[in-house]
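I opened the model today and kept notes as I went.

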Amino acid sequence: MVFNDDEEPPPAKPGPARPMQRVQLIKYHSLNAPLAPNDQKVVLELKGASSATSRAPLDLVTVIDISGSMVLEGRLDSAKRALRFIIRKITNDDRLSIVQFDDEATRICGLRCATEAAKADLEALVAKLEPCGLTNIQAGLETGLSVLNGRSFTTGRAASIMLLSDGGENMGNARSVDPGSVPVHTFGFGSGHDSTLMGAIAKKSLGGVYNFVYDSNNEGRMQGPSPFLFPLGWALAPASTRGYGSSPGNKPTVLSEAFSQILAGLVTIIAQDVELTVTPFLDEAIINKVDAGTYPTSTATDGITIQIQFGTLYSAEERKVIVELALRDHTSFRPYSSDVAKVLYRFSFEGQQFTSNTELVTIYRSRKAPDAADDAPPPQVQAEVARRQHADSIKAAMEKADRDNLEDARNILVEALKALERLADPMVDMLRKELHKLLELFKSKAIYERQGRPAAISSLASHDRQRFTARGDAEDIRIFATQRMDTYLEQAKQDDDRPIPTAAADDDKEEPEPEPDLEPELVPQDVPAAPKPMAWEGRTLSMALRAIAAVLSLLAFSIMASARTSGWNDSGRFETYRYTIGVNVVVCFYSIVQAVAKIHRLVWPSSISQSISSYCCSLFLDQALAYLLISASSAAASRNHLWVSKLGTDQYNKKINIAVWFSFLGFLALSANALISMANLFSRI
């Protein structure tokens with residue numbers, strides 16, 4: 001279906017003449033590296049401004065499961081409470097649509113501006129939700145995407161979907177749905193949902209995350225038939241065996257708390273279409289690997305620039321990328337500051353595109369061998385690498401557990417805990433807490449399937465997206481939570497009948513940090529590389545001079561050899577001319593070999609290593625051949641001058657004279673190369 005009846009949003013409020021800087025790039029890397037080939041890790045961090053007083057208006061579609069299993073444990077009541085929280089938090093600039101699904105999906109309201117009158121209507125629609133039917137997640141997701149894709153008003157507006165389900169898909173195939181660039185945040189409610197499916201849906205979208213939400217504080221006690229069989233299995237089972245009766249352990253706000261955390265991000269979007277590009281200077285380094293979690297990474301048309309798509313960025317959010325660089329062998333250089341890569345980022349806001357200035361990653365390269373203490377990567381790099389390894393450990397443990405090898409899975413988590421002992425970072429305590437919780441949930445197959453797998457998938461989603469996710473309880477592990485999320489968490493715990501401040505009221509309480517201004521800027525794609533050190537310039541000049549020497553010597557012996565007649569004045573009859581031809585042939589061949597070697601080293605600097613002995617050999621041959629060439633040229637010039645003085649000038653003498661001049665110019669090129677070889681040799685000694 002196509003939905004294009006979305007309400008027209010209010011006119012955009014006039015913003016400041018020059019908007020504040022919304023995104024900041026921070027680089028972390030070692031400041032020093034040896035001239036010998038080596039690998040370096042660079043962490044690039046995009047950080048959002050810590051104020052949402054000027055943020056993108058939101059178009060939100062909530063896709064709610066109303067299948068028969070939602071009647072259990074008051075789940076639908078919890079969903080209604082969570083929806084009411086959303087309705088009360090959004091502002092007039094935001095628009096909300098609600099989609100319900102069971103066997104099929106129904107849009108119960110289009111995108112409506114969240115005015116006070118509309119909020120009352122929306123709450124009335126939410127109150128009428130009733131559970132029935134099976135679970136067709138595909139239909140619900142497709143309908144939600146149709147609402148957003150069919151919008152008539154899109155400029156500068158952030159679109160997102162929040163998808164809730166408590167069961168497994170028994171109709172349709174949600175994995176076949178392509179969300180495109182729309183973030184889909186999924187919520188698996190209770191232990192009966194298909195966490196693998198819900199995690200895959202969120203992962204397939206740009207920036208979406210999967211959240212695991214308990215439906216009570218005592219989920220570990222759940223027994224009885226699987227909710228995948230509902231309504232038949234659960235309807236026929238005695239209430240005493242279902243394990244879902246009301247209990248003092250119930251926490252009615254748990255779903256509202258999880259919803260509030262995602263909403264806190266969606267109403268603080270300060271940048272859209274965020275993209276980071278990294279381009280290495282090929283004469284300095286190549287990119288071995290880029291680790292950006294599950295954000296899309298691609299190579300630009302130039303074949304060397306790496307592009308990472310992040311989608312939206314919330315207030316005070318961070319995106320860190322690990323770039324592994326292989327620095328080339330520059331042992332023939334003197335110590336210098338090397339610009340190894342250039343970085344820039346782009347984003348849009350209110351329909352306007354912004355591009356940052358190009359920033360350079362500069363590392364000082366010297367002959368000093370790296371010291372383990374002094375040249376260790378900065379703590380920020382070590383912490384980010386450890387966090388990615390932490391996430392890899394969780395993934396490896398989950399793979400073991402899925403093959404019923406829980407003992408190996410727990411051993412992997414224990415080793416991950418030990419690895420954190422060597423790390424000093426504020427996030428470490430949360431990482432330890434996360435591992436301890438997973439160890440508890442990996443104790444048995446039953447616990448793992450009910451809670452361990454969804455908690456692990458949620459943890460991986462959080463680390464891969466660098467965003468907060470609920471791992472059962474929204475206030476348990478707060479990795480990547482922002483200040484606004486903390487505020488909303490406390491508000492979501494309040495009684496449903498208490499007034500809740502709107503997002504606009506929350507914005508007013510936040511004082512924006514002073515930031516430098518940022519204007520839209522068009523940055524040329526071909527940014528010139530940084531000036532190269534003298535050794536590089538010498539290598540390029542040497543290659544050019546050797547090519548010139550080869551051409552001049554070729555012309556010299558070709559012209560002189562062509563000065564032949566049938567008479568006695570044939571160049572082949574005179575030893576001086578034969579000597580000159582022979583020397584030019586040797587110089588031409590030598591210069592061609594040296595030029596090819598220089599070109600090869602320019603293109604692949606690390607493929608051929610030059611030692612002191614090679615520089616000595618080049619210097620000796622340059623000097624020796626230069627001497628032979630000037631002596632041969634002088635002898636040929638003298639002989640030709642003597643002949644002209646006695647017999648006059650003819651075509652034969654003119655050719656000899658031209659060949660001698662080319663030979664002399666070749667001598668000058670070869671002599672310049674000898675000076676470069678001497679400089680290279682002395683720079684290595």
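Which side chain does the side chain of glutamate 275 make a polar contact with? I found glutamine 309, at 2.6 Å. By polar contact I mean a pair of N or O atoms within 3.5 Å; within protein, one must be able to donate a hydrogen and the other to accept it, and residues adjacent in sequence count only if both atoms are side-chain atoms.

Before going on, I noted the ground rules. The model is predicted, so local features need pLDDT of at least 70 and side-chain atom pairs count only at pLDDT 80 or more, while totals for chains, interfaces and linings use all residues. Residues are numbered from 1 along each chain as its sequence is written, and side-chain values use heavy atoms, with hydrogens and water left out.

**Entry: glutamate 275**

I placed glutamate 275 in strand β10, residues 269-280. Strands (E, at least two residues) and helices (H or I, at least four) are DSSP runs, numbered from the N terminus. Glutamate 275 has a second polar contact, 2.7 Å, with the side chain of arginine 346. I then listed contacts, meaning heavy atoms within 4.5 Å. Beyond four places in sequence, glutamate 275 meets Gln307, Ile308, Gln309, Leu344, Tyr345 and Arg346. Is glutamate 275 buried or exposed? It counts as buried because its relative accessibility is 13%. The cut-offs are under 20% relative accessible area for buried, over 50% for exposed and partly exposed in between, with a 1.4 Å probe and protein chains only.

Most residues other than glycine have a negative phi.

**Entry: serine 338**

Next I went to strand β15, residues 336-349, where serine 338 is found. Its relative accessible area is 0%, so serine 338 is buried. Residues up to four places away aside, serine 338 touches Glu284, Val361, Thr362, Ile363 and Arg365. I also took a C-alpha distance to alanine 33: 9.6 Å, across 305 residues of sequence.

**Entry: whole chain**

I stepped back for totals. The protein has 17 helices and 18 strands. It has 685 residues, and 54% of them count as buried. I looked at contacts between residues at least 6 apart in sequence; 77% of these join residues at least 24 apart. The accessible surface is about 29,400 Å², with 56% belonging to carbon and sulfur atoms. That area comes from the Shrake-Rupley method with a 1.4 Å probe.

**Entry: helix α4**

I read α4, residues 195-204, for buried positions and got Ser195, Leu197, Met198, Gly199, Ile201 and Ala202. What do the buried residues of α4 pack against? I noted α3 (137-149), β7 (158-165), β8 (184-189), β9 (210-213) and α11 (445-465). Aspartate 194 caps the N-terminal end of α4. One of its side-chain oxygens lies 3.3 Å from the backbone nitrogen of threonine 196.

**Entry: serine 146 in α3**

Serine 146 belongs to helix α3. I logged it as buried because its relative accessibility is 16%. Its contacts, residues up to four places away not counted, are Met1 and Phe3. Asparagine 4 lies 142 residues away in sequence, and its C-alpha is 9.0 Å from that of serine 146.

I found glutamine 466 in the loop between α11 and β18 (471-472). It is not a glycine, yet its phi is positive, about 55°. Glutamine 466 has a relative accessible area of 4%, so it is buried.

**Entry: isoleucine 412**

Last, I checked helix α9, residues 406-420, which holds isoleucine 412. Isoleucine 412 touches Ser393, Ala396, Ala397 and Lys400, leaving out residues up to four places away in sequence. Isoleucine 394 is 18 residues away along the chain, and the two C-alpha atoms are 7.9 Å apart.
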